[in-house]
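Welcome! Take a moment to look over the model shown here, and then let us walk through it together, starting with its aromatic rings.

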Amino acid sequence: MNPPPARPADPRPPRRRTHTRARLLAAASELFLTVGFARTSIEDVCAAAGYTRGAFYSNFGSKEDLLLALFDEQAAGRMAELERLATACEALAPQERARRLVEALLRVDPDEAGWILLFLEFRLLAARTAGLADRVAAHDRTVSGALAAVLERALPELVPPGASAAQAAGVILAAREGLLARTAAGGEAAEELLAATAAVLGGMLG
């Protein structure tokens, strides 16, 4: 008797695997934000999510892969917010629109404080870990490319004459990263620096 024909492979991950991945990401997010990346182990993440190490490694190759996936989620949410704001600011004068959009790109909300510290911890770790720096650089290129696409599609006024969208994206992200380090504690000085950076960068790009 001939065996039944094989079913074509489904390109989408099974629902259970998608659920497992989401639970691992949620558990890791809480742990990383609470105790930091270095002090959280894969075993900690598995215990918090209610899974085994096997379930972890069927979704992520390493703890670093897990954190980069979380950073991808954060970046995607930021890009979506920026596109919504671009639509909401369409009626403003070009210079004011540029100022508001740049400030929105640079501003860090209070609930992002933990992500700031986590990002800085991982960036410093990558600088001292062979091989990890290249992976972080690849992640940076992906985020920069996504922002460049948003600039080209919805925010062309933030790309100065003679520069490419990719160059403008790189400058904006570098400025944001510097602000993350300088404004993590919040307060009046942080607000003043944010306002000054937004004014200067908005003037240059707008």
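## Aromatic rings

There are seven aromatic pairs in this structure, which is a predicted model. One of them joins Phe 32 and Phe 37: the ring centres lie 5.3 Å apart and the planes meet at 55 degrees, so this pair is tilted. Both Phe 32 and Phe 37 are buried. A pair of aromatic rings is described by two things, the distance of the centres and the angle of the planes.

Another pair is formed by Phe 56 and Phe 60. Here the centres are 5.8 Å apart and the planes stand at 45 degrees, so this pair is tilted. Phe 56 has 0% relative accessibility and therefore counts as buried; Phe 60, at 4% relative accessibility, counts as buried. Ring pairs also build a cluster, and its members are Phe 32, Phe 37, Phe 71, Trp 115, Phe 119 and Phe 122.

## The chain as a whole

What kinds of elements does the chain have? It has nine helices and zero strands, and reading along the sequence gives the pattern α-α-α-α-α-α-α-α-α.

The chain has 206 residues, and buried residues make up 36% of them. If you look at contacts with a separation of 6 or more, 68% of those in the chain come from residues 24 or more positions apart.

## Nonpolar cores

The largest nonpolar core holds 27 residues, and those that touch the most other members are Phe 32, Leu 66, Leu 67, Phe 71 and Phe 122. Two or more residues of this core come from each of helix 1 (15-35), helix 2 (42-49), helix 4, helix 6 and helix 7. Apart from this core lies another one, of 25 residues, which include Leu 105, Val 143, Leu 155 and Leu 201.

Which residues does Leu 66 contact, leaving aside its neighbours within four places in sequence? They are Leu 24, Leu 25, Ala 28, Phe 32, Val 45, Phe 56 and Phe 60. Phe 56 and Phe 60 in that list are the tilted pair described above.

## The largest pocket

Now for the empty spaces. Rolling a probe the size of a water molecule over the atoms shows where such space is left. The largest pocket contains about 660 Å³ of space. Its lining has 26 residues, and Ala 75, Phe 119, Val 143, Arg 176 and Leu 180 lie nearest the centre.

Helix 4 (63-88), helix 6 (113-127), helix 7 (132-154) and helix 8 (165-183) each provide at least two residues of this lining. Helix 4 gives the most, with seven residues. By class, the lining of the largest pocket has twelve nonpolar, five polar and nine charged residues.

## A cavity inside

How many cavities of 30 Å³ or more does a search of the whole structure find? The search finds one. The volume of the largest cavity is about 50 Å³, and its lining consists of Leu 68, Phe 71, Phe 119, Phe 122, Arg 123, Val 136, His 139 and Asp 140. Helix 4, helix 6 and helix 7 are the elements that give two or more residues to this lining.

Five of the residues lining the largest cavity are nonpolar, one is polar and two are charged.

How values were computed:
Residues are numbered from 1 along each chain as its sequence is written. This is a predicted model: local features need pLDDT of at least 70, side-chain atom pairs count only at pLDDT 80 or more; totals for chains, interfaces and linings use all residues. Side-chain values use heavy atoms; hydrogens and water are left out. On a 1 Å grid over the protein atoms alone, a cavity is a set of points where a 1.4 Å probe fits but cannot get out, and a pocket is an open set with protein on both sides within 12 Å along at least five of seven lines; lining residues have an atom within 4 Å of a point. Grid points are joined across faces, edges and corners, and a volume is the space filled by probe spheres set on the points. Helices (H or I, at least four residues) and strands (E, at least two) are DSSP runs, numbered from the N terminus. Ala, Val, Leu, Ile, Met, Phe, Trp, Tyr, Cys and Pro count as nonpolar, Asp, Glu, Lys and Arg as charged, and the others, Gly among them, as polar. A nonpolar core is a set of buried Ala, Val, Leu, Ile, Met, Phe, Trp, Tyr and Cys residues joined through side-chain atoms within 4.5 Å. Buried means under 20% relative accessible area, exposed over 50%, partly exposed in between (1.4 Å probe, protein chains only). Contact means heavy atoms within 4.5 Å. Rings of Phe, Tyr and Trp (its six-membered ring) pair if their centres lie within 6.5 Å; planes under 30 degrees apart count as stacked, over 60 as edge-to-face and the rest as tilted.
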